[in-house]
Amino acid sequence: MLLSEARCGEKVRIKKLLGEEAILRKIEGMGLRKEMIFEIIQRCGRNILLKNGENRLAVSNDIAKKIEVELIEKGELPCKTSPCFEKTTKTKPKWRWCFLGKEE
Amino acid sequence: MKIIRAVLVGNPNVGKTSLLNHLAGSNLKIGNWPGVTVEKKEGKTYFQDFEILLIDLPGIYTLEELVSEDEKITFDFLYSKNYEVLLNIIETPRIERDLYLTTQLLDLEKPMILVLNMMDEAQKLGIEVDIKRLQDLLKIKVLSTNGRTGEGVKELLPAIVETYEQEIKPTKIRYETSEETKIKEKRLYFSQGLAKEVVKRKLLTKESFTEILDRFLIHPVWGNLFFLLIMYFTFKIAFDFSIPFSDWIEGFIQNFIGPLIFQIFIFLGAPSWVGDFFSSAVIGGVGTVLVFIPLIFSIYFLLTLLETSGYLPRVAFLMDRWTHKLGLHGLSVFPLVLALGCNVPALIATRTFQDRKDKFLVMTMIPFISCPARLVLFSFFATLFFSQPVWIIFFLYLLGLVFSILTSFLLRKTFLKRELSHFVMDLPPYRIPSLKIIFKIVWFHLQSFIYRAGTLIFLISIFIWLLLNLPPGIQKVEDSLAGKIGKTIGVIFSPIGLSDWRITTSLIPAFLAREAIISTMGVILLEEKTKEIKEIDLKEEAKTQILDLIKTFKEAFYGFFSLWPQSLSLNPEEAQGLKKEISKILTFKQALSFLIFLLIYNSCLATFVTMWKEGSKRLAFLFLGYSFALAWILAFIIYCLL
């Protein structure tokens, strides 16, 4: 799966950075590297806030789409402390509070 | 004496500049967000028989790919300039991340020292680093420091000398391949292995200070509310705390210092023009500007607190939700907040941008953000013409922001059209800044404000005073050269209600420095006024001044702790001295039109030059014309509507 698909509260392992763009190399330098485990602590607007130890990184969705990850732990409640809006469908954007859980 | 050039290099926001400030006793700008240093900075110190030149480079995450101008500066320096020792600064709590850059620096094969900064923070987080093992593995000196307190910093000097003299070069990674991807992979594994070997982490279950604060401060809903509250209290405290002191300084200069010096002149038998020059150019010019020292102090104190606490990156993260709708990423917030302190460093801070169009766009937004020089003006005129000055100042700040956003929106849709760039940002932990460091930074800003008042403003005041007295023998001040110039350009400003030559003349030096408006008006109005030599009883006046000062402290104390702005309601009729004279030549309508013109029109010469240097000549001139036209039209609308 891609990082952009990960939900709040989930823990993911970075598998691969897809592409050779300079920004991806920078992200690697910032600590988002292969085999590292990150927790998604907030999704807000177009951004995802990730945490690994003392490292906290905010990345936008377009970058997250270029990062392949493996889900290793599901959060009990996505976005349990940080409600935020997110798009649920591609064709018809529908806004809702993401702490209500994933729409089936 | 031998010179050792030691280069400080590391990831952004690891405390390189703080270490340089401790080592060289400098006052370079620091902050708790990535991208504070965007150009090469230097400082020097002496140790034994050596002059150690410390070179601070902008932070860089990797040398493998470059995305912004500041990273290019670091890269070019490391690969093409001469230096003797490399000081690789590591943020110890994030040592695993930082060692990746270290592995790239090893390839430079230069004498090197590894500096584990922020060791105190690492210990609090249960992180232990085996320094001896790290030294053995890398075969270089490894030292631990605390950039906030300066602990361990002095030990760097003998280490630099030893590394230089013995040419202590680090271990070399054997890649055994020339393939770029494999080299990168090897570097990555090397750094990960190194970190595993030397770092031990205790399992801490309690939440960190940063995690607790972030629950509220970057919360998608409460975070915005907290941001508004923080900004409100920043300006409320700055204003309420400084106004009583400014009033006291004004009274002290006009009622005590002025008459005292006059008495000294009389006692010495000095000619009348000396007293005239003193009252107009010094008291009326420089003195009027110095009244605002408390305001400058408090605004810089609070802005420095914000910059060093780690809150700014959170603002950028929060604001990206709104700014990306305008085609800008949240990082644009950094220069815009910096512009509240001064437009010039804010323009330079755009070097961190990856795209030139983004850079130009933010550059055109910055001059609309009011700096303390404009706040000085706003507070001077607002307290004089409006019964509720706080709301007027708030309105002006907001109006500046609105036009900043409108300009960017317009440009994004036309000349600077491009798709929204991605957002990547490192959120540093919150840090409680040292008061000593904050006061040092504030003192640096105050010094430059006083220096400007003593040099530029003083020279402008002398020049204006001369223009007011030329040609020699004029009967009326308005027949002077200054009067003629003011009347000539009055044609342009007459439709916006500013036809009085005294006002238009003061607009000319405003391009050099905004606060020069007040000093120029002071010089003109005091020159027009019939000179009265006021005799004072020095003992009595000194006693009054001391009692007033005690009262001032009391007012400032209450102002600081009140929730509602204390300076919200003032009585303009109580204005004295220069303020009283100015209130005679301007009406409420004219004052508002004047303030709006000054708000929108390109801030000052320094901003224009920096825009030229950092952007382009065309951009600087086009913006100058645009801001002038916009300022004039807005002032005209306001003047006609009211």
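In the predicted model, B:Ser627 is in contact with B:Ile600, B:Tyr601 and B:Asn602, leaving aside its neighbours within four places in sequence. B:Ser627 is found in helix α26 of chain B and, at 0% relative accessibility, counts as buried.

The structure holds 36 aromatic pairs over all chains. In one of them, the rings of B:Phe623 and B:Tyr626 have centres 6.0 Å apart and planes at 55 degrees, so the pair is tilted. B:Phe623 counts as buried at 4% relative accessibility, whereas B:Tyr626, at 29%, counts as partly exposed. Ring pairs also link B:Phe493, B:Phe511, B:Phe597, B:Tyr601, B:Phe608, B:Trp612, B:Phe621 and B:Phe628 into a cluster.

One member of this cluster, B:Phe608, lies in helix α25 of chain B, residues 605–614. B:Phe608 is buried, with 8% relative accessibility. Beyond residues up to four places away in sequence, B:Phe608 touches B:Phe511, B:Asn602, B:Ala620, B:Phe621 and B:Leu624. B:Phe608 and B:Phe368 are 240 residues apart in sequence, with a C-alpha to C-alpha distance of 13 Å.

The largest nonpolar core has 133 residues, of which B:Phe381, B:Ile517, B:Ile582, B:Phe594 and B:Ile600 touch the most other members. Helix α18 of chain B (residues 435–468) gives the most to this core, with eleven residues. Apart from this core lies another, of 37 residues, among them B:Ile60, B:Leu86, B:Leu101 and B:Leu106.

The buried residues are A:Ile23, A:Leu24, A:Arg25, A:Lys26, A:Ile27, A:Glu28 and A:Gly29. After α1(A) comes A:Gly31, with a positive phi near 115 degrees.

A search of the whole structure finds 42 salt bridges over all chains. One of them is between the side chains of A:Lys26 and B:Glu71 (3.5 Å, N to O). Because A:Lys26 lies in helix α1 of chain A and B:Glu71 in helix α2 (residues 69–80) of chain B, the pair joins two chains. Both A:Lys26 and B:Glu71 are buried.

Within chain B, B:Arg187 forms a salt bridge with B:Asp107, with the closest N and O atoms 3.0 Å apart. This pair links distant parts of the chain, 80 residues apart: B:Arg187 is in helix α7 (residues 180–198) and B:Asp107 in the loop between α3 (95–106) and β5 (112–117). B:Arg187 is buried, with a relative accessible area of 10%, while B:Asp107, at 24%, counts as partly exposed.

A further salt bridge joins the side chains of B:Asp500 and B:Arg502 (2.8 Å, N to O). B:Asp500 is buried at 19% relative accessibility, and B:Arg502 is buried at 17%. Salt bridges that share partners join B:Glu91, B:Arg94, B:Arg97, B:Asp98, B:Glu121, B:Asp426 and B:Arg431 into one network.

Methods:
Residues are numbered from 1 along each chain as its sequence is written. Chains are lettered from A and ligands numbered from 1 in the order in which they are written. This is a predicted model: local features need pLDDT of at least 70, side-chain atom pairs count only at pLDDT 80 or more; totals for chains, interfaces and linings use all residues. Side-chain values use heavy atoms; hydrogens and water are left out. Helices (H or I, at least four residues) and strands (E, at least two) are DSSP runs, numbered from the N terminus. Buried means under 20% relative accessible area, exposed over 50%, partly exposed in between (1.4 Å probe, protein chains only). Contact means heavy atoms within 4.5 Å. A nonpolar core is a set of buried Ala, Val, Leu, Ile, Met, Phe, Trp, Tyr and Cys residues joined through side-chain atoms within 4.5 Å. Rings of Phe, Tyr and Trp (its six-membered ring) pair if their centres lie within 6.5 Å; planes under 30 degrees apart count as stacked, over 60 as edge-to-face and the rest as tilted. A salt bridge is a side-chain nitrogen of Lys or Arg within 4 Å of a carboxyl oxygen of Asp or Glu.
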